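This report concerns aromatic side chains and their contacts. Please consult the sequence and structure shown here.

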Amino acid sequence: MAVGAPAATGRMAQGAAWAAPERGSEPYAAARQRAALACASLGLDAAGTELICRPERFSEVTIPVRTDAGGLVVCAGYRSAHSRALGPAKGGIRFHPGVTADEVRALALWMTVKCALLGLPFGGGKGGVACDVRRFSPRELEGLSRGYVRALLAELGPEQDVPAPDVYTDARVMAWMCDEYERCTGHAAPGAVTGKPVLLGGSLGRDEATGRGCVVAALAALRQLGLPPERCRVAVQGFGNAGGVAARGLHAAGLRLVAVSDSRGAIHAPGGLDPERLLRHKRASGSVAGYPAARAIPPEALPGLDVEVLVPAALEGSIPAAAAAGVRAACVVEAANGPVTPEADDILARRGVLVVPDVLANAGGVTVSYFEWAQDRAGWFWPEAEVRLRLEQRMQEACARVQAAAAARGCTLRHAAYVLGLERVVAALRLRGRLPEATRPPA
Ligand code: NAD
């Protein structure tokens with residue numbers, strides 16, 4: 001994702017080591033649970049389900065980073081190539097102190113479902129390094145980025161596993177990673193990573209892709225609900241890259257943006273917010289907090305506001321069960337990965353709130369990453385209008401398929417999306433002879 005890696009705010013402590021703090025394995029358990037339900041609908045037995053849920057390959061590496069002061073910091077790095085049944089593994093790399101092995105496993109499984117659902121020729125992958133990059137100088141961040149590639153060199157590459165930006169990694173980090181890969185292998189390989197600067201083979205339109213895709217998904221949900229956009233209000237939790245672009249796109253589509261939040265505060269303006277002015281305020285002050293013509297609210301109040309559309313666009317687990325019980329929106333569009341916990345999901349389903357799942361709602365990002373990879377391999381670059389058009393077509397088509405499957409099965413959009421995605425993975429594994437033919441018919 002195109003989050004700007006934060007500017008270095010301080011030097012790293014010498015001799016420091018950031019081992020991944022064990023936050024537990026909730027996201028992976030949740031991801032497995034949802035995938036297992038889909039496997040049951042596809043008629044898979046326990047062994048087949050295990051094959052689908054487990055990462056094909058998981059690596060943990062140690063990355064030494066020399067500090068500007070001549071010392072050493074040692075970071076734990078992870079990469080999960082969850083599936084390569086449909087093509088090379090594809091997924092972002094996250095630099096965050098809370099990264100754990102299980103979080104990476106969960107995010108990679110979600111990527112497998114997402115890529116398959118969108119019909120991309122990729123499996124799912126994800127990577128992470130447990131570190132606080134806010135304490136890194138630019139040179140130290142470069143050392144970490146290059147060190148990650150060297151540590152996992154044998155597993156990465158355009159035909160094997162293709163990283164992209166995620167939390168606290170950006171186009172600059174991708175440029176270093178691509179350069180390190182090319183230096184180590186001795187040949188040009190722009191398709192080794194996506195989310196690069198355009199000059200180095202990045203795609204026009206990649207920065208906005210997740211938010212734009214999210215707008216398509218939200219408008220499809222409103223059509224399903226029979227709600228005209230111009231009569232709808234929207235609240236966005238997490239006014240960053242995905243949330244900011246989604247807010248602007250939904251405003252342009254006629255919805256009234258009434259509340260936004262970021263890590264430093266939340267604001268509410270029932271009469272409507274101007275997303276462009278809000279963006280200028282955030283760029284100048286670093287936060288949406290303090291925006292004139294809006295009142296400050298506690299961030300935890302945002303999910304319960306009186307709106308038709310709620311867009312969680314911050315981090316995993318931001319809509320827990322307690323928040324779900326108070327949601328008044330008609331639909332929740334998951335721009336973030338895993339914002340609605342499984343318990344919250346059940347509550348929202350019981351209360352009749354339509355949830356557009358992350359594997360569909362935020363799939364615009366990986367879709368344009370695929371366009372970037374394809375452009376790099378062809379050496380032929382598309383105008384931005386073409387990228388936008390193809391993105392919109394893919395998202396519209398995926399939304400229609402998921403809605404139709406959910407209606408046919410009488411299930412949630414999430415379950416339908418998992419079934420449609422994993423159905424392709426299962427079919428690919430069978431064609432490859434890695435999974436026996438079905439012994440019982442799909443449900
Ligand atoms: P970002 O860093 O640009 O934005 C995240 C925003 O969330 C920031 O404004 C941050 O201040 C805010 N935030 C953090 N903690 C918060 C909290 N407790 N309450 C409210 N706001 C909070 O990141 P992004 O690229 O927009 O990614 C956001 C989510 O979207 C992540 O879950 C990411 O995995 C997912 N996603 C992004 C992309 C992409 O291409 N950008 C693609 C797929 C999924």
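The model is predicted, with local features requiring pLDDT of at least 70, side-chain atom pairs counting only at pLDDT 80 or more, and totals for chains, interfaces and linings using all residues. Residues are numbered from 1 along each chain as its sequence is written, and side-chain values use heavy atoms, with hydrogens and water left out.

Six aromatic pairs are found in a search of the whole structure. Rings of Phe, Tyr and Trp (its six-membered ring) pair if their centres lie within 6.5 Å; planes under 30 degrees apart count as stacked, over 60 as edge-to-face and the rest as tilted. Two of the pairs involve F122 and are tabulated below.

| Pair | Centre to centre | Angle between planes | Geometry |
|---|---|---|---|
| F122 and Y370 | 5.9 Å | 90° | edge-to-face |
| F122 and W373 | 4.8 Å | 65° | edge-to-face |

F122 lies in the loop between α3 (101–117) and β5 (123–130), whereas Y370 belongs to helix α12 (residues 364–378), 248 residues apart. W373, also in helix α12, is 251 residues apart from F122. Helices (H or I, at least four residues) and strands (E, at least two) are DSSP runs, numbered from the N terminus.

F122 counts as buried because its relative accessibility is 0%; buried means under 20% relative accessible area, exposed over 50%, partly exposed in between (1.4 Å probe, protein chains only). Y370, at 17%, is likewise buried, as is W373 at 8%.

One aromatic cluster comprises F122, Y370, F371, W373 and W382. R390 lies over the face of W382, 4.3 Å from the ring centre. Elsewhere, the charged end of R105 sits over the ring of F58, 4.1 Å from its centre. A charge sits over a ring if NZ of Lys or CZ of Arg is within 6 Å of the ring centre and within 35 degrees of the ring normal.
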